[in-house]
Amino acid sequence: MSKYHFNDIEDKWQKYWAENGTFHANNKSEKPKFYVLDMFPYPSGAGLHVGHPLGYIASDIYARYKRHKGFNVLHPMGYDSFGLPAEQYAIQTGQHPRRTTEENIKRYRKQLDKMGFSFDWSREVRTSNPNYYKWTQWIFIQLFESWYCKEHEKAYPISELIKIFVEEGNVAINKACQIETETFTAGEWNSFSEKRKEGILLQYRLTYLAETEVNWCPELGTVLANDEIVNGVSERGGYPVVRKKMMQWSMRITAYAQRLLDGLDKIDWPQPLKDTQTNWIGRSEGATVRFEIDGHDGKIEVFTTRPDTIFGVSFMTLAPEHELVDRVTTMEQRFEVSKYIEATSKRSERERMADVKSISGVFTGAYALHPFTGDRIPIWIGDYVLAGYGTGAVMSVPSGDQRDYDFAKHFEIPIPNIFEGVDISEEAFADKEKTIITNSDFLNGLNYKDATKRVIEALEQKQVGEGKINYRLRDAVFSRQRYWGEPFPVYYRDGMPQMIDVEHLPLTLPQVEKYLPTETGEPPLGRADEWAWDTKKNSVVPNHKIDHETVFPLELNTMPGWAGSSCYMFRYMDPNNEEELASKVAMRYWENVDLYLGGSEHATGHLLYSRFWVKFMFDRGYLLVEEPVKKLINQGMILGESAFVHRLEGENKLISAGKIKGQDLQPIHADVSFVNTSNELDIEAFKKWRPDFENAEFVTEDDGSFKVTREVEKMSKSKYNVVNPDDICERYGADTLRMYEMFLGPLEQAKPWNTAGITGVHSFLKKFWKLYHSGKEGGFAVDDSKPSKGSLKTLHKTIKKVEEDIEAFSFNTSVSTFMIAVNELTTQNCKSREILEPLTILISPYAPHVAEEIWNLLGHSESISTAPFPVYDQDHLVESSKEYPVSFNGKMRFKLELPLDLDKGEIEAAVMAHEKTAQYLDGRTPKKIIVVPGKIINIVG
């Protein structure tokens with residue numbers, strides 16, 4: 001029989017798809033559209049492992065299925081190609097990050113092609129290509145030239161704001177738009193210098209320069225976002241991170257906080273991810289209160305969700321980074337405060353938030369004044385208060401907040417009880433619903449709601465506070481001190497940022513000698529010899545030409561990693577358009593992404609920032625939709641099976657797994673490629689890989705083998721448990737890899753990889769191939785014979801189940817369904833085209849290469865990719881007959897198949913006429929015949 005030569009088949013059809021542009025989507029089609037997208041990868045030097053394609057396979061199955069269902073499918077792919085790893089490699093080797101990135105992309109492309117994905121490569125984008133990041137720079141300029149009106153909840157051109165200032169000043173705008181900045185009249189605005197006007201406008205623009213508390217990683221020489229820090233160190237390299245103030249570009253994402261929350265109700269995203277974004281945005285209702293400082297002009301402003309507890313304040317706590325700390329600290333306390341601030345700077349915000357057990361703080365020596373009683377309240381600093389959340393200050397009510405309570409107990413600060421009938425001797429009382437206020441002047445006897453309302457009225461009457469909605473969400477720091485990122489289209493005139501005219505974009509990265517920060521601490525772009533902007537020539541010129549009249553210095557920072565990924569889904573719609581991000585025609589047709597697959601780890605990074613940018617672009621009329629993605633699926637993770645050798649603590653001796661008997665051992669990762677299916681280590685290969693163990697003693701099993709222990713962990717190069725998909729494709733084929741990854745378990749769940757288990761799926765595909773062939777010669781054997789009822793039933797129950805599974809993204813159960821169908825059809829010896837042709841289409845989304853080959857053998861000259869999906873006919877599943885068990889005195893003797901439409905009398909007549917009935921009765925007359933139609937027949941003798 002013809003063998004299943006999967007390598008030849010897969011090479012053949014991958015070449016065919018590429019040469020014929022089989023999966024190229026058209027922006028003009030009568031078909032309904034469907035846009036399927038994967039989160040595009042960062043092309044790392046390690047390439048893809050078998051865990052990476054999981055989401056790509058799932059999205060590809062769905063994209064192929066939708067083509068079969070008559071949709072015009074857009075399924076593009078590109079690369080998020082700016083990134084820190086390429087820059088770190090450049091620092092180590094001197095090789096330009098562009099070269100490293102291009103080499104990595106070539107490898108990724110080769111790997112992706114080998115797996116048979118139906119990507120439209122004609123639309124490929126790379127975030128590091130100037131013709132792409134031109135549009136990232138363009139969006140940045142639009143953000144700079146816009147402001148947000150809270151009254152109308154919409155972004156508008158900054159020119160409209162300037163017009164209001166010219167005609168009215170800013171008093172009405174500040175009130176309507178909840179902006180807290182200096183107020184001025186129209187006359188005052190018109191008298192301001194240009195520099196002062198620009199400084200004021202920066203307080204309204206949606207992207208702005210400001211001194212910001214940031215996570216600074218000295219080793220990497222750059223600012224890191226919160227999601228780039230793990231356990232207080234950088235995710236990349238594990239380097240220490242400290243908090244420091246720097247002049248940075250920021251994005252005013254906080255303006256969109258409420259819309260970002262409201263929009264979650266309109267999109268089909270996983271609820272856990274929605275919850276993550278909801279918590280990250282962190283909407284809370286309460287009041288702003290301003291406390292005067294005894295002996296100082298400044299005021300401490302706090303936001304509290306429990307203004308009803310204001311008479312329980314016994315101390316104030318400022319974040320160590322709060323701007324007032326230096327001003328209010330007394331000489332006696334200055335040394336202790338400085339020491340504490342330095343220690344706190346070495347802890348990230350996340351680390352401080354997560355640490356609920358440690359209690360630390362220092363008294364500043366200063367006092368605030370209670371807004372109602374005038375009592376002096378000591379001002380402390382404590383690292384449990386964050387400068388980046390709220391106002392960076394807390395009115396501490398130890399009787400009503402456990403953290404304040406623990407702090408007060410630790411430092412022996414008074415804890416006044418303001419809750420009627422509550423014992424606070426052991427812990428704070430935080431139950432709002434059971435609260436009755438006492439010891440609180442005009443609030444005595446009131447419950448939480450009434451007291452809150454009353455105190456807000458009193459605060460507003462005294463003009464020392466007001467009711468307010470607050471958000472945990474902070475503006476996003478947008479500057480990075482790196483080379484390999486999008487350059488800002490910004491130059492500086494008189495210290496104020498100016499935008500390069502859009503028609504002169506892109507502003508491309510300059511050449512630098514080294515990719516490190518300069519000796520004076522400037523970012524790597526500070527090393528460029530040509531990094532100045534000539535406003536007459538509208539081009540980059542050498543730095544020595546800077547005269548601050550027509551030639552000005554350019555911005556030295558670059559944009560963060562999320563800049564290029566925030567609107568990339570719209571560039572795929574019209575990737576070669578040189579005039580706009582995408583044409584209105586293309587955007588009107590494709591709208592937004594119908595199905596997006598990617599990891600949940602991007603919940604508060606890429607996915608949140610993308611929603612922000614899209615809402616902004618919608619406001620300004622550049623996009624036609626307010627959300628980037630309709631439906632999102634977070635695929636689970638394929639885990640690796642790590643291998644460990646165990647070293648005896650303090651000795652150069654390794655103990656085999658079977659010889660471990662409670663010794664003090666240190667587990668050490670071993671590369672899984674040195675371990676066979678019996679968990680036996682290739683000792684010589686391990687020694688070559690780890691020369692430090694070349695002279696180690698290996699305590700082996702009695703048979704001389706050395707066995708490792710196994711543990712399921714995240715698949716990672718650092719854990720040496722990576723399985724290369726290239727090897728799997730070479731040995732078993734891409735169709736086997738695709739089906740096996742789906743077979744491992746539900747898409748959203750984590751599941752361990754086991755190479756040994758892949759043989760079952762490979763055997764199935766060989767059996768599937770064999771179904772279409774027969775005889776000694778192994779020729780193609782599909783014929784035009786009429787199918788049996790059994791074969792029709794098998795086909796149509798398969799159609800029904802596979803379609804239901806694909807629509808529900810339950811791909812693992814589809815694979816099982818295919819296996820059952822092939823087993824049944826093999827048993828039925830089915831060779832009917834009427835059965836096997838639709839079956840080929842059904843399996844095509846999962847195993848496209850073998851499906852194309854069989855489709856071709858069936859006589860089709862066109863690709864199977866657009867063949868109509870088979871239609872389920874329930875008539876083939878309706879049973880027309882029933883196989884009855886016929887019992888004599890309750891004991892089953894034989895089975896009899898009868899039509900289901902017979903009544904009781906007809907069933908009784910049929911069974912009595914059967915020869916086996918006469919045999920078992922042996923001439924006797926039955927006393928009774930029990931018939932239950934559709935179930936049983938029992939003859940009582």
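I began with a sheet and found 4 strands in an open arrangement, ordered β34-β33-β36-β35, with mixed pairing. The model is predicted. I noted that β34 (891-899) and β35 (928-932) are at the edges, each with a single partner strand, so one side of each has no neighbour in the sheet. I computed the twist from one strand to the next, which averages 20 degrees.

I then looked up one pair inside this order. Strand β33 (residues 881-888) pairs with strand β36 (residues 936-940) in the parallel sense, over 3 bridges. I recorded that F888 stands opposite I939 in β36.

I found 2 cavities of 30 Å³ or more in the structure.

I took the largest cavity, whose volume is about 70 Å³. I listed its lining as V356, S358, I359, S360, Y384, R403, D406 and F407. I sorted the lining of the largest cavity by class and got 4 nonpolar, 2 polar and 2 charged residues.

I turned to the second largest cavity, with a volume of about 50 Å³. I wrote down its lining residues: Y132, W135, T136, I139, A563, G564, C567, Y568, R571, L581 and W613. I asked which elements give two or more residues to this lining, and they are α5 (130-144) and α17 (568-571). I noted that α5 gives the most, with 4 residues. I sorted the lining of the second largest cavity by class as well, which gave 8 nonpolar, 2 polar and 1 charged.

Key
Residues numbered from 1 in each chain as written. Predicted model: local features only at pLDDT ≥ 70, side-chain atom pairs only at ≥ 80, totals over all residues. Heavy atoms only, no water. 1 Å grid on protein atoms, 1.4 Å probe; cavity = no way out; pocket = protein on both sides within 12 Å on 5 of 7 lines; lining within 4 Å. Points joined across faces, edges and corners; volume = space filled by probe spheres on them. Nonpolar A, V, L, I, M, F, W, Y, C, P; charged D, E, K, R; others polar. Pairing = 2+ DSSP bridges. Axes fitted to C-alpha atoms, helices over the stretch in contact; angles between N-to-C directions.
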